[in-house]
Amino acid sequence: VQSMSFGFKYGFPAEADLMLDLRCLPNPFYVEELKGKTGNDKEVQEYVMGNPDAVAYFDRVKALLDHIIPLYRKEGRSQVVIAFGCTGGKHRSVTMANLLAQHLEQDNNLRVLTYHRDLGRE
């Protein structure tokens, strides 16, 4: 499984099998002390996941993927690319891509490659 983050302002990732839009969640970019940080930083992760809507969103994504990844395997797919997008690909999408990778590795015993396509691009 590849769990990737991207910024919509840089275009859609053509390699994505599933693309999830996080622009409906509050943007840490507008919080001065978080603006220069990324979803790899604990403060940003806490801000993003401190929102009940983000937790509910992530819970639904986990449930969907826990259901469909075995179906992909059953059909002989050897890989799947899950792409999380936010405006710039720096905060929300990085947070969610990292959390998904942790979930799939720990709870589903899958090998996961995490890729942050647009991190550092700004």
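Tutor: Let's begin with one residue. Leaving aside neighbours within four places in sequence, valine 48 is in contact with Pro28, Ala54, Arg92 and Thr95. Contact here means heavy atoms within 4.5 Å.

Student: What should I know about the model and the numbering before we go on?

Tutor: This is a predicted model: local features need pLDDT of at least 70, side-chain atom pairs count only at pLDDT 80 or more, and totals for chains, interfaces and linings use all residues. Residues are numbered from 1 along each chain as its sequence is written, and side-chain values use heavy atoms, with hydrogens and water left out.

Student: Back to valine 48. Where does it lie?

Tutor: In helix α2. Helices are DSSP runs of H or I with at least four residues, strands are runs of E with at least two, and both are numbered from the N terminus.

Student: Is valine 48 buried or exposed?

Tutor: Valine 48 has 4% relative accessibility, so it counts as buried. The scale: buried is under 20% relative accessible area, exposed is over 50%, and partly exposed is in between, with a 1.4 Å probe and protein chains only.

Student: And methionine 49, where is its place?

Tutor: Also a residue of helix α2. Methionine 49 counts as partly exposed, at 22% relative accessibility.

Student: What is methionine 49 in contact with?

Tutor: Ala54, Val55, Phe58, Thr95, Met96 and Leu99, leaving aside neighbours within four places in sequence.

Student: At what angle do α2 and α4 pack?

Tutor: About 90°, with the axes 9 Å apart. Helix α2 covers residues 42-49 and helix α4 covers residues 92-108. The axes are lines fitted to C-alpha atoms, for helices over the stretch in contact, and angles run from 0 to 180 degrees between N-to-C directions.

Student: What do we call that arrangement of α2 and α4?

Tutor: Roughly perpendicular. That label covers 65 to 115 degrees; under 35 is roughly parallel, over 145 roughly antiparallel, and the rest oblique.

Student: Which residues meet there?

Tutor: From α2, Val44, Gln45, Val48 and Met49. From α4, Arg92, Thr95, Met96, Asn98 and Leu99. By class, that contact has five nonpolar, three polar and one charged residues. Nonpolar means Ala, Val, Leu, Ile, Met, Phe, Trp, Tyr, Cys and Pro; charged means Asp, Glu, Lys and Arg; the others, Gly among them, are polar.

Student: New topic. How many aromatic pairs are there?

Tutor: The count comes to three aromatic pairs. Rings of Phe, Tyr and Trp (its six-membered ring) pair if their centres lie within 6.5 Å; planes under 30 degrees apart are stacked, over 60 edge-to-face, and the rest tilted. One of the pairs is phenylalanine 8 with phenylalanine 12, edge-to-face, at 5.6 Å centre to centre and 85° between the planes. Another is phenylalanine 29 with tyrosine 30: their ring centres are 5.2 Å apart and their planes at 90°, so this pair is edge-to-face.

Student: Which residues form the aromatic cluster?

Tutor: Phe6, Phe8 and Phe12.

Student: What sits over the ring of phenylalanine 8?

Tutor: The charged end of arginine 23, 3.6 Å from the ring centre. The rule asks for NZ of Lys or CZ of Arg within 6 Å of the ring centre and within 35 degrees of the ring normal.

Student: Let's move to asparagine 109. What is its phi?

Tutor: Positive, about 55°, although asparagine 109 is not a glycine. Most residues other than glycine have a negative phi. Asparagine 109 lies in the loop between α4 and β4 (113-116), and it counts as exposed at 69% relative accessibility.

Student: Which residues does tyrosine 115 touch?

Tutor: Gln2, Ser3, Met4 and Ser5, not counting residues up to four places away in sequence. Tyrosine 115 is in strand β4 and is partly exposed, at 37% relative accessibility.

Student: Last one: where is glycine 76 found?

Tutor: In the loop between α3 (52-74) and β3 (81-86). Glycine 76 is exposed, with a relative accessible area of 61%. Its C-alpha atom is separated by 35 Å from that of valine 48, 28 residues apart along the chain.
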